[in-house]
Amino acid sequence: MTTSPVDVPTTDSPARARILDVAASLFLEQGYEAASLRRIADEVGIQAASIYHHFTSKEDLLEAILRRGMAVMDEAFTAAEATTTGAGESQADRRSRLAAHVRAHLAALYENGPFTAAHVTTFRTAPAVVRDAIVPVRDAYEARWTDLLNDRSAADVPTGPARLMLLGGMNASVEWFDPTRGSLDDLAEVVTRQFWSGLTGHPDPTP
């Protein structure tokens with residue numbers, strides 16, 4: 001089993017934490033390029049130059065946010081893994097494990113602040129230096145999903161494309177799903193039900 005490779009950020013000072021929170025929200029709402037350091041500083045209530053006491057550059061700030069988003073996802077995966085450890089190997093048990101991880105990933109996107117959603121929406125357009133720093137962390141997280149899906153995949157279903165479709169579909173939901181108007185549990189069930197049947201080729205074992 002692939003272990004967690006994500007370094008959980010150390011405790012931030014209140015000022016640094018506030019900058020991260022505001023910047024993540026603005027990057028999510030406006031995009032990385034549009035959200036200037038001056039705008040971030042205004043929202044925090046500090047001078048723009050004060051940001052440089054905590055981050056060396058805007059790129060450094062974005063990298064910290066993306067790492068925090070990955071840490072949230074990785075912690076969610078670990079928690080789901082812990083809740084399903086010791087479960088059996090029946091079809092229902094295997095589906096339950098998948099469902100727990102789907103719900104955990106969606107929780108990371110919607111229930112843990114803006115960091116994970118900001119990661120999803122800004123990574124592809126991030127400066128190359130930031131992407132290069134984050135790619136190994138993303139790859140290691142995806143490897144945990146590969147291990148999970150390898151235990152559930154039908155022999156003729158390539159795990160790599162299946163993983164990309166599953167994670168891509170869940171991540172893309174930040175563009176259209178509103179958790180204040182829909183149930184995250186219902187969304188998780190739809191994702192799990194559709195993916196389970198396609199991945200394993202077995203009928204859904206739940207009613």
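Is Glu142 buried or exposed? Glu142 is buried, with a relative accessible area of 18%; here buried means under 20% relative accessible area, exposed means over 50%, and partly exposed is anything in between (1.4 Å probe, protein chains only). This is a predicted model, where local features need pLDDT of at least 70 and side-chain atom pairs count only at pLDDT 80 or more, while totals for chains, interfaces and linings use all residues. Residues are numbered from 1 along each chain as its sequence is written, and side-chain values use heavy atoms, with hydrogens and water left out.

**View 1. The whole chain has eight helices and zero strands.** Helices (H or I, at least four residues) and strands (E, at least two) are DSSP runs, numbered from the N terminus. Walk along the sequence and you get α-α-α-α-α-α-α-α. Of the 207 residues in the chain, 44% are buried. The accessible surface is about 10300 Å², with 53% of that belonging to carbon and sulfur atoms; these areas come from the Shrake-Rupley method with a 1.4 Å probe, and for residues, only the protein chains shown count as cover. Take the contacts (heavy atoms within 4.5 Å) between residues at least 6 apart in sequence: 71% of them join residues at least 24 apart.

**View 2. Glu142 pairs with Arg163 in a salt bridge (3.4 Å, N to O).** A salt bridge here is a side-chain nitrogen of Lys or Arg within 4 Å of a carboxyl oxygen of Asp or Glu. Side chains of opposite charge can pair when their charged atoms come close. Glu142 sits in helix α6 and Arg163 in helix α7, 21 residues apart, and the pair links distant parts of the chain. Like Glu142, which is buried, Arg163 is buried, at 13% relative accessible area.

**View 3. Arg144 and Glu81 form a salt bridge between their side chains (3.1 Å, N to O).** The structure holds nine salt bridges in all.

**View 4. Asp185 and Arg103 meet in a salt bridge (2.6 Å, N to O).** Asp185 lies in helix α8 and Arg103 in helix α4, so this pair ties together parts 82 residues apart in sequence. Asp185 is partly exposed, with a relative accessible area of 48%. Arg103 is partly exposed as well, at 22%.

**View 5. Helix α7 spans residues 159–172.** Its 14 residues reach 19 Å from first C-alpha to last, close to the 20 Å expected at 1.5 Å a residue; the expected span is 1.5 Å times one less than the number of residues. The buried residues of α7 are Thr159, Ala162, Arg163, Leu166, Leu167, Met170 and Asn171. Seen down the axis of α7, they fall within an arc of 155°, so they line one face of the helix. That arc is taken from the directions from the helix axis to the C-beta atoms.

**View 6. The largest nonpolar core has 29 residues.** A nonpolar core is a set of buried Ala, Val, Leu, Ile, Met, Phe, Trp, Tyr and Cys residues joined through side-chain atoms within 4.5 Å. Leu98, Val102, Leu106, Trp145, Leu166 and Met170 touch the most other members. Helices α3 (58–84), α4 (91–110), α6 (128–150), α7 and α8 (184–200) each supply at least two residues of this core. The most comes from α4, with seven residues. Another core, of 26 residues, lies apart from it, and its members include Leu20, Val44, Leu62 and Phe123.

**View 7. Helix α5 (residues 115–122) is largely enclosed by the rest of the structure, because six of its eight residues are buried.** The buried ones are Phe115, Thr116, Ala117, Ala118, His119 and Thr122. What covers them includes α1 (14–30), α3, α4 and α6.

**View 8. Arg39 lies in helix α2 (residues 37–44).** Arg39 is partly exposed, with a relative accessible area of 34%. Leaving aside neighbours within four places in sequence, Arg39 is in contact with Leu26 and Gln30. The C-alpha atoms of Arg39 and Ala23 are separated by 9.0 Å, and these two residues are 16 apart along the chain.
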